[in-house]
Amino acid sequence: MVISCGAYSMFFGFPYAAGMVGLLLIHESGHALAMHQLGLPFGPMLFVPFLGASVTMKKLPRDAYQEALVAFGGPALGTLGAFGTSVAAGAMDSQLLYALADFGYMINLFNMLPIGMMDGGRITSALSPYSGLAGLGIGGGLIYGGVVSNPIFYLVMMSGGYSTFQRLYYGDNDLPVNYYKITNGQRAGITAGYFGLIGTLIAGMGFNAKWKMSPQQLQTRQQDEWSRSGGGPETTFY
């Protein structure tokens, strides 16, 4: 965690880097809490600079419903963390916290994409084996449209394509019998939770965007404050 914070600090400065790592910690803590509640053993959290963080289950869940609950834990608690950061930003009039809240909403929304081993992929795989195809289509559209150009996402897409192909063409031979046999009530709960969480994240980002300033707006604000205080970037002393 300290190494990640140091690595991010070289590009974003220490305050923002510390906030990023803190929000990642909250996200992963959500997974860990869900595993603890379900009685699933897990390993220590692993933070890798520019790749994110992870916490590993040491035991296979009973079924796809349990796996979906564990997957929900991260973005659910992560959303609360982003919302809390946004509230603190308003209370303190802090553009740094608004920017961190935006990062929190974005990273949790990104994780809800129904691709491979991402949280969204684990959640939606309990609903249909074809959800992976939808996820690959969405991911491909993001790449084609230039929305995402990070090489890491290409690896995520490749992994998602492989896992989707394996499940569609070779079935679930490596999983317990009836692993994906969940009740209609569980299926409805997963569906409502999935789209509800996505909607909450989008709404949170929209609300946060009303108050978050662009770099140009921040520069103008600083210049105005400097001018009102009797200074200014063009003031010269002889």
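This is a predicted model: local features need pLDDT of at least 70, side-chain atom pairs count only at pLDDT 80 or more; totals for chains, interfaces and linings use all residues.
Local features need pLDDT of at least 70 and side-chain atom pairs count only at pLDDT 80 or more, while totals for chains, interfaces and linings use all residues. Residues are numbered from 1 along each chain as its sequence is written, and side-chain values use heavy atoms, with hydrogens and water left out.

Side chains of opposite charge can pair when their charged atoms come close. The structure holds two salt bridges. A salt bridge here is a side-chain nitrogen of Lys or Arg within 4 Å of a carboxyl oxygen of Asp or Glu. One of them joins Glu 67 to Arg 122, with 2.7 Å between the closest N and O atoms. Glu 67 lies in helix H3 (residues 64-92) and Arg 122 in helix H5 (residues 119-124), so this pair ties together parts that are 55 residues apart in sequence. Helices are DSSP runs (H or I, at least four residues), numbered from the N terminus. Glu 67 is buried, at 10% relative accessibility. Arg 122 is partly exposed, at 24%. Buried means under 20% relative accessible area, exposed means over 50%, and partly exposed lies in between (1.4 Å probe, protein chains only).

The other salt bridge links Asp 63 and Arg 62, and its closest N and O atoms are 3.5 Å apart. Asp 63 is buried, at 11% relative accessibility. Arg 62 is exposed, at 56%.

Helix H3 also holds Gly 73. This glycine is buried, with a relative accessible area of 13%. Neighbours within four places in sequence aside, Gly 73 is in contact with Gly 30, His 31 and Ala 34. Contact means heavy atoms within 4.5 Å.

Helix H6 (residues 131-144) has 14 residues. At 1.5 Å a residue it should span 20 Å, and its end C-alpha atoms are 20 Å apart, which agrees. The expected span is 1.5 Å times one less than the number of residues. Ser 131, Gly 132, Gly 135 and Gly 139 are buried in H6. They cover an arc of only 95° around the axis, so they sit on the same side of H6. The arc is that of the directions from the helix axis to the C-beta atoms. The buried residues of H6 pack against H5 and helix H7 (151-170). Just after H6, Gly 146 takes a positive phi of about 75°.

Technical notes: Helices (H or I, at least four residues) and strands (E, at least two) are DSSP runs, numbered from the N terminus.
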